[in-house]
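This report goes through selected parts of a structure, one element at a time. Please keep the sequence and the 3D view at hand while reading.

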Amino acid sequence: MARLARRIRVLRPGGLLIGGTLALGIATLNTGNNLLYLLLGSLLGLILLSGVLSERVLSAVTVRRRTVPPMTAGRIGRIEYDVTHRRRGLPAFSLEIRDDGWQGEAFLPLIEAGSTLRATSPARAERRGVHSLGPLTVATSFPFGFFRKERRIEGMDTLIVRPRTDRPVRMPRAAAGGQGQGSSLARVARRGTFRALRPWRSGDDPRDVHWRSSARLPGPVVREYEPERGGTPWIVLDTRGPPDAAEAAIEIAAALAARFTAQGRVFGFAAGPRRLPPDGGTGHLEAALDHMATLDASPLAPATVPPAEAGECILVAPSPRPGDWLDVYTP
Amino acid sequence: MTAARLHRGLAAGMALAAIAAFTSGAGLEPSVLVAVPLLLLSAFWSPSPERMVRLETPLRVVALVLAARAIWLAFAAPAAVITPMVDLLLFLMCGEALRVRDTTGDARLFSLSLALLVAGAAYRPGPGFALGLALFLALTTMCLAVGHTRRQAEAHGRAAPAIRTGVLARLGMASALALAVGVLVFMVFPRHARGWAGRPAEPSRIVVGFSDVVGLGAHGATIEANPAVALRVQFPDGVPETVADLYWRGRSYDRFDGIRWSRSRLPRPMPVRPAEGTLVRQVIRSVPLETPVAFGLEQPVRARPRARLTLLRDEHGDLTYRGRVAPAYEILSRTDVPSADSLRRTAHALPPGGVHFLQVPAVSARLRALSDSLTAGASNDYDRAVAIERWLRTTFAYTLDLPATAPEATLEHFLFERREGHCEYFSTAMTVLLRVAGVPARNVNGFRGGDWNSFGDYLAVTQNQAHSWVEAWFPGAGWVSFDPTPAADDAGILTGGSLGPLRRLLDGLAFRWGTWVLDYDLDDQTAILARAFRPGEAPRADPFGPVLWLAAVVVFLAGAATLLRRPRLPAETRAWRRLRRAYAAAGFVAEGPRGLAAVLTERNAPGAADAVRAIGLYLAARFGPGDGRAEREAMRAAVTDALRSLRR
């Protein structure tokens, strides 16, 4: 026999009703008035009816979590459920569906008997990675709002949370060459064609600061260059290092990839043993982000072998690595 | 109808159902007459939020005044506190119902309505209370469910869903479960405790002469054409043959001062006849009286009270009761009357406290002469009594018209001038004439007759059947009754007229309600238990009768059918299925609506154009945007046209 796994919480009106019923019980015993026995029993009956109707609602529905689209860390995504009322008779009212361990819940005010509706729950993950979605909780406080009854539905799904892409990063240098090497003219040449001035961001090369303009403005501004179109850069992500720094490196790589995509540029991506050949577009970006979502970020993470000459690769790592990289990003 | 309007209507209905239950006992109080229209108004209209804000202060002031009044009366006149409490409750209910429906108001209105029901329970309401309670539970279930759905939808930023009438009705039917639990708790919870909060049963306004002093002549004024039932009597061991002409003895009076009858303190109690001979057992339920008199057939030899009541026998042999409930008791009476011969043979002797039963007021010589002349030919007390009884019955007339002046209300005026009166004049005259002749006698008040109610198998004795007669003392036989009142046109109110059966039915219902609900007690519970554990014993009469049981079964089946009923398909689907079945029977079969449309067009079926149009409308109504109402209507017409063509 299947065990009914239900959790019941008494809500405020329910508490008042129970208190009122107890008070009426005392008055009934005291007076011996027969009609008060009838009223007392009717109140107990309403409590029982509440339990029966809520059980009818909960046992009538099946909930199936839909294939969950990947989410981005720090952003509100959604989890979708298909809710089916598989009984005849009364509709199911006021259904709340929640994934255990997640904030937010889906709500359906009414599902007619025999029909299926889709419910959507907002969800937000703060860290990227592969998250497990375990049991669901379906709850209702129907019919009177006296009690909230919950039913757990077992289920196992995975949810991929991509790294956030909104971390501010500077534009990479345009040409090959190690950081701080060569003449200023050569550096300028490597950076490509001057495009505009923009506010200074963390990680910008201090040598790019345009001092004359910075003196006139409230904060420092730096020169921004249009990279040369000639080479296809590779983003080489190395996640070996302290976890926090490695996570930050992943976010920098994600932001860089998003920026390339937003500019319509082609880039290759390599992290650990896996490589994504140079390509452009949203699909390529999503593939890179999916890969980043599943990366191990720890000192034991596999090393990344550069897929091309170091001069064509932008290294993103928790700490600088030796080599003549096109550019180097560290948190 | 919008969810908000539906909710408002249900909330008002819930409060009105509680008021209906309340008035079944308390009657139409003035505050009820004010509250009902306001609640009806609230079902359709509520003030704007701005106006309600302005109304809040005066409403609170009035509520505070009513609350202060109730508190003051709770101390000043505790017995009357319930009325101001009810006024306050009704006022709060109206205020709550008129308040802008903010979707939390239903819980407060529910609490207030419930409080009103609790107050109504104190009034010994009639069967209408049960109907009101059932309605209240049904409307409460619907109202709270709709209100909760609205609250939840609003809390989640969604529009409140429309709830179909069928679903609403099913919720109402589900409330039968709450009522069933109520009945179960009512039946099985042991009736044991009593306490401080009980309200005594409301005494009846009946004043038929059962107090310690009864004035001659005032009697008729209160009993005339009063059809209210005073006693309901069952005969568990069999109904006596003369059930409609029995004497229900209440109280005896020994002292007469010429105007009033009163009761003396006797030095010794009257002996009770041994419980042998012809015995009749009666279960009597009486309305609560101002003077707690217990009734029974003559002569009561044993008495047993029901739970929560105490029966006492005073020195006159009369029965009284103590208790805060409507009196119910069982009396065993010895109804065999000694034969005339045996009474003639009895020696003349006085009963205990004998001189009290020979007392006469200052009477005129002509009254003494009358007594002497009436009893001149009799050689024993019995013949003397019979002679006086016969003379009064045959030469006087019965009337309920009262004497116009005080001098005309005297016994002598009755005997020598008016020569007509009601039973109390006759019984007084006979008692005084017997006493003048030296026969110990006393005046007895009670009821005579009754109307047999076949709906409930009981005798209903109404207040206009109140009666007075005479008891004379015969040594060895005890007190023997004589009735000198001539026959009157006393057709029973319950049986008379074309409404007689309806009256009997309603009274039978009220009797069952009183027996099995209001006065259901530990005795009933133990009796039910005893029957359950002794199946061989003949079952007692079905308490609610086959009709009510049948009604209960019908209600249960209807409720079950409603809860389990297959949901009705949408109208357009039903029309589509009808169309498909009809064409399938004619040999046009295809997969799905589009397939059928193709087949009908291809084979040029009868009514194909209408059928294809109906199918298009079906798809639009079922899967298109909007509510599909227009498409549904058009589809129905198209289906009708198509089927008409097909039949041709």
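## Strand β4 of chain A and its partners

Tyr81(A) has Ala119(A) of β7(A) as its bridge partner. This is a predicted model, and the pairs described here are read from it. The two strands involved are β4(A) and β7(A), the latter spanning residues 116–124, and they pair in the antiparallel sense over nine bridges.

β4(A) also pairs with strand β2(A), residues 61–65, again in the antiparallel sense, over five bridges. Here Thr62(A) has Thr84(A) in β4(A) as its bridge partner. Is β4(A), residues 76–85, mostly covered or mostly open? The strand is mostly covered, with seven of its 10 residues buried.

## A five-stranded sheet in chain A

Chain A has an open sheet of five strands with antiparallel pairing, in the order β1-β10-β9-β5-β6. Which strands stand at the edges? They are β1(A), residues 6–10, and β6(A), residues 106–111; each has a single partner strand, so one side of each is left without a neighbour in the sheet. On average, neighbouring strands of this sheet are turned by 25° against each other, direction ignored.

The partner of β6(A) is β5(A), residues 92–99, and this antiparallel pair is joined over five bridges. Within the pair, Leu95(A) stands opposite Leu108(A) of β6(A). In a regular strand, side chains alternate between the two faces of the sheet.

Helix α2(A), residues 34–60, lies across β1(A), β5(A), β9(A) and β10(A). The helix runs at about 30° to β10(A), which covers residues 147–153.

## Two helices in chain B

Helix α1(B), residues 3–26, and helix α2(B), residues 30–44, have axes that come within 7 Å and cross at roughly 160°. Because the angle is over 145 degrees, α1(B) is roughly antiparallel to α2(B). The crossing of α1(B) and α2(B) is left-handed.

Residues of both helices make the contact. Among them, α1(B) supplies Ala12(B), Leu16(B), Ile19(B) and Phe22(B), while α2(B) supplies residues including Val36(B), Leu39(B), Leu40(B) and Phe44(B).

## Cysteines

How many disulfides does the structure hold over all chains? The count is zero. A disulfide is a covalent bond between the sulfur atoms of two cysteines.

Two cysteines of chain B can be located by their accessibility. Cys94(B) is buried, with a relative accessible area of 7%. Cys423(B) is buried too, with a relative accessible area of 1%. Both are called buried because these values are under 20%.

Conventions: Residues are numbered from 1 along each chain as its sequence is written. Chains are lettered from A and ligands numbered from 1 in the order in which they are written. This is a predicted model: local features need pLDDT of at least 70, side-chain atom pairs count only at pLDDT 80 or more; totals for chains, interfaces and linings use all residues. Side-chain values use heavy atoms; hydrogens and water are left out. A disulfide is a pair of cysteine sulfur atoms within 2.5 Å. Buried means under 20% relative accessible area, exposed over 50%, partly exposed in between (1.4 Å probe, protein chains only). Two strands pair if DSSP finds at least two bridges between them. Helices (H or I, at least four residues) and strands (E, at least two) are DSSP runs, numbered from the N terminus. Axes are lines fitted to C-alpha atoms, for helices over the stretch in contact, and angles run from 0 to 180 degrees between N-to-C directions. Contact means heavy atoms within 4.5 Å. Angles under 35 degrees count as roughly parallel, over 145 as roughly antiparallel, 65 to 115 as roughly perpendicular and the rest as oblique. A crossing is left-handed if the near helix is turned anticlockwise from the far one by less than a right angle, and right-handed if clockwise.
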